[in-house]
Amino acid sequence: MASNLKPTFGYTIVYVKDVAKSIDFYAKAFGYNVRRLDESHRWGELESGQTTIAFTPQQQHETKDLTGTVQVPKSNRERAPMELCLIYSDVDAAFKRAVENGAVPVSEPEDKQDWGQRVGYVRDIDGMTVRMGSHVHATKQD
């Protein structure tokens, strides 16, 4: 009975200024295939393994009236209370492609010895932080 209450992670929704531009940017900068972009350009999806990254406009009365206004960072010294983490086998090449396709570099890829991951950070065209990382490798415990 309790197993019926276990959720499956369906998708992450990213609120953006322009759905079509964001879909195009993520496809080029991060290497995703577009699953769907509706004719109204109010909803788009990227293929991402078993889950989906979805995009919808920041200003949307259907959700704004129910859950509030989307708050966007006011400068590069602020960030949203979440980030996307995209996993790559070659973080350096992925970081380079992202920047060449319009991502704003924040931090070049570097090895994080504390948790065993190679990580670089960029901002997308809406200013959202995107972590580009390798798979986490187990580190030695003292």
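How many helices and how many strands are there in the protein chain? In this predicted model, the count is three helices and eight strands. Walking along the sequence, the elements come in the order β-α-β-β-β-α-β-α-β-β-β. The C-alpha trace spans about 50 × 50 × 30 Å along its principal axes.

Of the 142 residues in the protein chain, 36% are buried. The chain exposes about 9,400 Å², and carbon and sulfur atoms supply 50% of that area. Contacts can also be sorted by how far apart the partners sit in the sequence. Among contacts with a separation of 6 or more, 48% are between residues 24 or more positions apart.

Now for the aromatic rings. A pair of aromatic rings is described by two things, the distance of the centres and the angle of the planes. The count comes to five aromatic pairs. One of them joins Y26 and F30, with 5.0 Å from centre to centre and 50 degrees between the planes, which makes the pair tilted. Both residues belong to helix α1, which covers residues 19-30, and being four residues apart there, Y26 and F30 are separated by about one helical turn. Y26 is buried, with a relative accessible area of 0%, and F30 is buried too, at 2%.

Y26 also pairs with F55, again in a tilted arrangement, with centres 4.9 Å apart and 55 degrees between the planes. Here the partners come from two elements: Y26 lies in helix α1 and F55 in strand β4 (residues 51-57), so the pair ties together parts that are 29 residues apart in sequence. F55 has a relative accessible area of 0%, so this residue counts as buried.

What about charges? Looking at individual partners, the count comes to seven salt bridges. One of these connects R131 with E83, where the closest N and O atoms are 3.0 Å apart. R131 is part of strand β8 (residues 129-133), while E83 sits in the loop between α2 (61-67) and β5 (84-87), so this pair ties together parts that are 48 residues apart in sequence. E83 is partly exposed, with a relative accessible area of 21%; the label follows because buried means under 20% and exposed means over 50%.

Another salt bridge stays within a helix. E100 and K96 form a salt bridge, with the closest N and O atoms 3.1 Å apart. Both lie in helix α3 (residues 91-100), and since they are four residues apart, about one helical turn separates them. E100 and K96 are both exposed.

The side chains of E110 and K112 meet in a salt bridge as well, at 2.8 Å from N to O. E110 is partly exposed, with a relative accessible area of 36%. Finally, salt bridges with shared partners join D92, D111 and R118 into one network.

How values were computed
Residues numbered from 1 in each chain as written. Predicted model: local features only at pLDDT ≥ 70, side-chain atom pairs only at ≥ 80, totals over all residues. Heavy atoms only, no water. Salt bridge = Lys/Arg side-chain N within 4 Å of Asp/Glu carboxyl O. Buried < 20%, exposed > 50% of the residue type's maximum accessible area, 1.4 Å probe, protein only. Contact = heavy atoms within 4.5 Å. Areas by Shrake-Rupley, 256 points an atom, 1.4 Å probe, with all protein chains shown as cover. Phe/Tyr/Trp six-rings, centres within 6.5 Å; stacked < 30°, edge-to-face > 60°.
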